[in-house]
Amino acid sequence: MFIVEPVFWFAFGAPLAAIVPRPRLRWLFLGLMVLIPVAATLLGFLQWGSLAALLAIGLVLAWVTRHAHERHGARGPLALAAGLVVSLAFVGVQAVALQQARSVLAAAVRTLDPGERLLDSALSAYPANPLCWSFVTVAQDQASGSYHLRRGLLSVAPGIDPVRACPASIAGRASEDATPQLAWLGDRRESLAELRLLARDCHVNAWLRFARAPSIAGGLATDVRWGPVGSTNFSTMEIAAQADTPCPHPVPDWTYPRADLLGSAR
């Protein structure tokens, strides 16, 4: 699911707004439910098709609310139950799309470099759109003693929604030479030996309990899930700046997302 999934806003927000007893407040809430996704679409975070689907969900649930009131004198429970059905159906579609996206990535990495072993595909959903996904893959090249990070975008239904149509404000725009299904946005090869050496540092070791796609380059530790390869983001830690500071304590007893790369350095 996208971290702030608008399908859930409409699935539960429309029935709840419809049962607000004061007409002015009711129309205020309903108006905000329309204006916010429209603004998100204009800013490039939502596709117009996604906006249309959201408005359709809202209209259907508003009709259910009104119909239930006219037939049974109660508006809330039936409309909220319908919203729950819509939400569960969307979750099911997202789950199927996620598995399809993983299969596409596994095949793509095998084609690019048959000598690499794909360890992980960290996929991020787009809002109200089960077809578009951004991703980071982590692969190991045992022969060269390196691991490979790649970022990109994909569409699980390129005939309906090609990757260049995915909202650019979420994870970037696909290049002109991208295929309808897959766009590569950047990659980096890093030393497995250096990662394992730095993992012995208590600060880096603690950080590695969080980082699923760790880049250790230029004195910076960065999880590339949260930004383009080579850039900094909220996960970035300057390793040298921690040298004179005490080891972090307490450290959550989380397993290492990249235990498959760390080996005995954990």
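This is a predicted model: local features need pLDDT of at least 70, side-chain atom pairs count only at pLDDT 80 or more; totals for chains, interfaces and linings use all residues.
Residues are numbered from 1 along each chain as its sequence is written, and side-chain values use heavy atoms, with hydrogens and water left out.

**Sheet**
- An open sheet is formed by 4 strands in the order E1-E2-E3-E4, with antiparallel pairing (strands are DSSP E runs of at least two residues, numbered from the N terminus; two strands pair if DSSP finds at least two bridges between them).
- E1 and strand E4 (182-191) each have a single partner strand, so one side of each is left without a neighbour in the sheet.
- E1 and E2 are joined in the antiparallel sense over 9 bridges, and Ala125 stands opposite Trp133 in E2.

**Hairpin**
- Strands E5 (residues 214-217) and E6 (residues 220-223) run antiparallel and are joined by 4 bridges; Ile216 has Ala221 in E6 as its bridge partner.
- The E5 and E6 hairpin has 2 residues between the strands, and Gly218 in the turn has a positive phi of about 60°.

**Largest pocket**
- The largest pocket holds about 550 Å³ of space (on a 1 Å grid over the protein atoms alone, a pocket is an open set of points where a 1.4 Å probe fits, with protein on both sides within 12 Å along at least five of seven lines; lining residues have an atom within 4 Å of a point).
- Of its 20 lining residues, Ser124, Ala125, Ser134, Arg225 and Trp226 are the closest to the centre of the largest pocket.

Methods: Grid points are joined across faces, edges and corners, and a volume is the space filled by probe spheres set on the points.
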